Amino acid sequence: MSPKRILAVLLSVLASAALAGAALAADLAGLIANLTAGGFGERETAITALAASGEQRAAPILEALASGQLYVRKSDNLVLIGKPDGNQLSLTEAISGKTAGSGTEAELDRVRVNNRLRGVIEAAVGSLTLMSPDARVRRGAAEALFKRRDAASLAALDVALAAEKDPRIKRAMSEARAASVLASDAPTAQKLEAIALVRERADRDSLGVLDATANSATDPEVKAAAAAGANATRQTLAAWEAAQNVWYGISLGSVLLLAAIGLAITFGTMGVINMAHGEMVMLGAYTTFVVQEIIRTSAPHLFDASLLIALPLAFVVAGGIGILIERGIIRFLYGRPLDTLLATWGLSLVLQQAVRSIFGSSNREVGAPSWMSGAFQLGQLNITYGRLWIVVFSLIVFVTLILVLRKTPLGLYMRAVTQNRPMASAMGIRTPRVDALTFGLGSGIAGLAGVALSQIDNVSPNLGQGYIIDSFMVVVFGGVGNLFGTLIGALTLGVVNKFLEPYAGAVLGKILVLVFIILFIQRRPRGLFALKGRSVE
Amino acid sequence: MRSTSALLYLSGVTVSFDGFKALNNLSLLIEPGEMRAIIGPNGAGKTTMMDVVTGKTRPDSGEVVFDGRADLTKLDEANIATLGIGRKFQKPTVFENHTVRDNLLLALAGLRKWHRLLLAQPTKDENHRLTEILSVIRMEEQQYMLGARLSHGQKQWLEIGMLLAQDPKLLLVDEPVAGMTDVETETTAQVLREINKTHSVVVVEHDMSFVRALGVKVTVLHEGSMLAEGTLDQVSADQRVVEVYLGR
Amino acid sequence: MITRFLLQGMDRNLRLFVLLVLAIGIALPLLNQIMPPSSPFYVPAWLLQLIGKYLSFALLALAVDLVWGFCGILSLGHGAFFALGGYCMGMYLMRQIGSRGVYGNPLLPDFMVFLNYKELPWFWYGFDNFGFAMLMAILVPSLLAFALGWFAFRSRVTGVYLSIITQAMTFALMLAFFRNDMGLGGNNGMTDFKEILGFSVQADSTRAVLCFASAFTLALGLVVSAAIVGSRFGKALTAVRDAESRMRFLGYRVEGYKLFVFVFSAAMAGVAGALYVPQVGIINPSEFSPANSIEAVLWVAVGGRGTLIGPVIGAFIVNFGKTWLTGALPEFWLFALGALFIVVTLLLPKGVVGLWGQIKARSQAKKARAPA
């Protein structure tokens, strides 16, 4: 902004304040006095006059009046604002804003209002705040007036619009004006113009305005235009809602992906179904908990980095335990998948009970670092940072894993062992070691998933139980041995689940998805993206 | 579907796995009572051809007709087996937890429906057939021994006995002499020639001396199609066959 | 014909075992009824209830073994068939309460009054009749098993795929039964039963009869299972277990065999559930929990899969251990259960019965060597 512009802005603010305020400033005390005297009828006149004065100091007084906190002291007739403070009221002078000690209800007369007056006050405050020097306050006032759609605020809006320089606030004010026009008895042409303007907003509030207009308008042309606008808005909103559902679905899908991708490795490449996979996830979540506890007690400034510290640790803990499981149990059971299933189920019981004995059976608190809390608005989409990071994280894990499988020697050995074990062994690949590392990798990734899940799920010994069936379904649905299938499977199931939920409810939605997958597996036992060929048998 | 006098008729059969053509426009004719040897290097499509005929794999295109009337591409393994096609796998697969006699009883042509088997008792005829087969494969003494306790050679014999019990019109035999000594190979060739007196046989084999011992018409497969057909001497004189087997 | 069918599978050991089951089922209830409570031979009612519960578990284990041990189908959803049978019995018992419920409604069970039901849902009709309820306890699990098996076996879903599908099935049913609008008691399930066939469910004499009925049904289950397993059908069944594709190439339509034994086994599990509910006095959705189904598989594994005596012995051993440990060392029970899964699969794949067989074989071998 050039100095010239700044000067111009300053001048205009001063001018408007001077114009609207100077003549009546002296009368503020008088107007306030009118406010406290007489019946509801006089009070309404006084409120309207206050609003017309444009006096900024009147806004807090009117707000206090609306919330029943405006008092007149019996002893000196001073108008006071009283805020409850224990049994007493702490008092400030209404006009000057100076503190005036404290007092009890008995020493004061409350200035009473009724519902009708509350409405009037709200409009008055709205028009007053429209002139506030604070841009945020002005914007909020415009939004409030938009929702109120009161013909009475037209005048104030016109004044404010003339003075407003900020194009965004100006836009908000003209929308509020349009809403007020629709509530007034303005001519048809103006109303149609207003409808066009309101329609552009395309959100829930504008839908409310359009619906109200369509219901109440007498002019058929206005009625039709409003109805058409409302319909168009409804469609836009439905599209946004669908987009929001897709986002929720992607978010759920990324969680499924995280939980399933480790299983996709152990089941897909080794044919081993590890029922303790969910417990690896749980161990990752508890690792996060322990890391946060240590940070809380000894290095609180590191709290925001707690998840980053927990990630490698969770990978090592879960991966290490995975290798122990492979060496200690699973390698004796190769070629007996059903026995592997039972043994690892037993192991999951032991791990759950061990965690229960150490950490107790109640939920453990895992905090969110500051960069994962909060949300932002994208159009009509509400996106929380926590979910966004989990989606990003799951994609990073996925891509890293693909790279590991394609570009590293371990990946090469793993693929070799998967495709032809005897041949790989004959070529000098130590297959038992590759098995152990593969299993460790799958478990380690489950541990990483645990770190992410600690942010959105209850960290309890039962955390993992809920994920084993889902994970298996994702892997099978996507096609065993195909990591891209797992990605597509997880996202599809996530989105389908979220779209079913509004119609069927969360539980029934989940049942429907399960039934769907049961039927799907029976149609295509090898999943969406099946490997074909002799080697599969 | 074409009507044909051939026992087995394959025409233009193509099977592909993820773009790789395991069988490429393969055509083949087996006459009733014939014995045919099929040879070819690794990956020529021999096992896939067997899979297509027995219903394990569905071809992408082409005709497979058995006995001049049955379209095998529309039937599953059980139907095809009941029509009269028996298959012997490369690795002997007998039922390890059943006795030799029960193995043969299960293979015996006839009862296959589950509800009939619940109340079925072996009939006189069946017992007679079992005794007969047991004596053919010389396993009367081991008839109450569990399959798991048989030696490799005994399992091979039991499996041949099971094929006899099944009494198929066409017998598909996959690499019957893999890992056998020369003497065993010679015996097996004799047995197959014996079986061929009453059944049609298709043998898939690598071993040239065994194929020579059989002394039958030979089909050479290469990259999923037929490369040459004729007596062993004819095909071994064929320049293309030599190239395929010896490399260029 | 039928007697010949029923006796064909019985060997001497099994005949003795069936007699033992029957003897327990007759002796314990009799001792409870005849002996005075002061006598050392008196069997208290809680023990009858406990044994009755174990007997119904043993029947469930036998059902699991029939599909897993003899046909190679590892079902992780038999708890669902058990629970469905139990719910059928529960619905009968609920209708018997009549107007003695808290709300005193002669037609609607308490939870329906509580949830503002105006009339009885259609699927509750007929459950006031004992015969109808028992028929349903067999039919409902059978139909579910038929539907699932028909799809799964035709599409050749086998191995762990089938196991997880069955687990997903029982998981989905658990979620469904937890819902209040299923009309089956929701979260709380059904309890506070009063009478069965006009006799109080709390009475010692009723418990005695229920214990006997469980033993008798188990004995019957053993005899029929032995007949099936010992028939030519049974030979084909184990052949399917050992080499399924070989059976197809022999011309057997494998699906039919699997489907029959799966449905039969589900019906048996349903009957077990129907016997279980009046003895424990409650049925709720947690019976559908996948963990229950897998525990039933463990009973079979501990006792010895692929034998008929094994699952019965396994069910008794594990459940006795559970009763004892959850009372004495509750923390330790899940460790023990988990360890048992691992130990049995790693070291005792043939279970206790197999171990016994090995010991016997070894001692015989010793005896044979001794004279020489």
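Between chain B and chain C, 16 residue pairs are in polar contact, both at pLDDT 80 or more (N or O atoms within 3.5 Å; within protein, one must be able to donate a hydrogen and the other to accept it, and residues adjacent in sequence count only if both atoms are side-chain atoms). This is a predicted model, where local features need pLDDT of at least 70 and side-chain atom pairs count only at pLDDT 80 or more, while totals for chains, interfaces and linings use all residues. Residues are numbered from 1 along each chain as its sequence is written, chains are lettered from A in the order in which they are written, and side-chain values use heavy atoms, with hydrogens and water left out.

**Where B meets C**
- Chain B brings 33 residues to the contact and chain C brings 27 residues (heavy atoms within 4.5 Å).
- Together they bury about 3000 Å², 59% of it on carbon and sulfur atoms (accessible area, 1.4 Å probe, lost on being put together, summed over both).
- B:Phe95, B:Trp114 and B:Leu118 supply 22% of the area chain B buries here, more than any other three residues.

**Salt bridges**
- The interface of chain B and chain C has 5 salt bridges (a Lys or Arg side-chain nitrogen within 4 Å of an Asp or Glu carboxyl oxygen).
- One of them links C:Lys235 with B:Asp102, with the closest N and O atoms 3.3 Å apart.

**Over in chain A**
- Strands S2 (residues 79-85) and S3 (residues 88-93) of chain A pair antiparallel over 6 bridges (strands are DSSP E runs of at least two residues; pairing takes at least two bridges).
- A:Leu80 has A:Glu93 in S3(A) as its bridge partner.
- S2(A) and S3(A) make a hairpin with 2 residues between them, and A:Gly86 in the turn has a positive phi of about 70°.

Definitions and conventions:
Buried area is the accessible area (1.4 Å probe) that two parts lose on being put together, summed over both. Helices (H or I, at least four residues) and strands (E, at least two) are DSSP runs, numbered from the N terminus.
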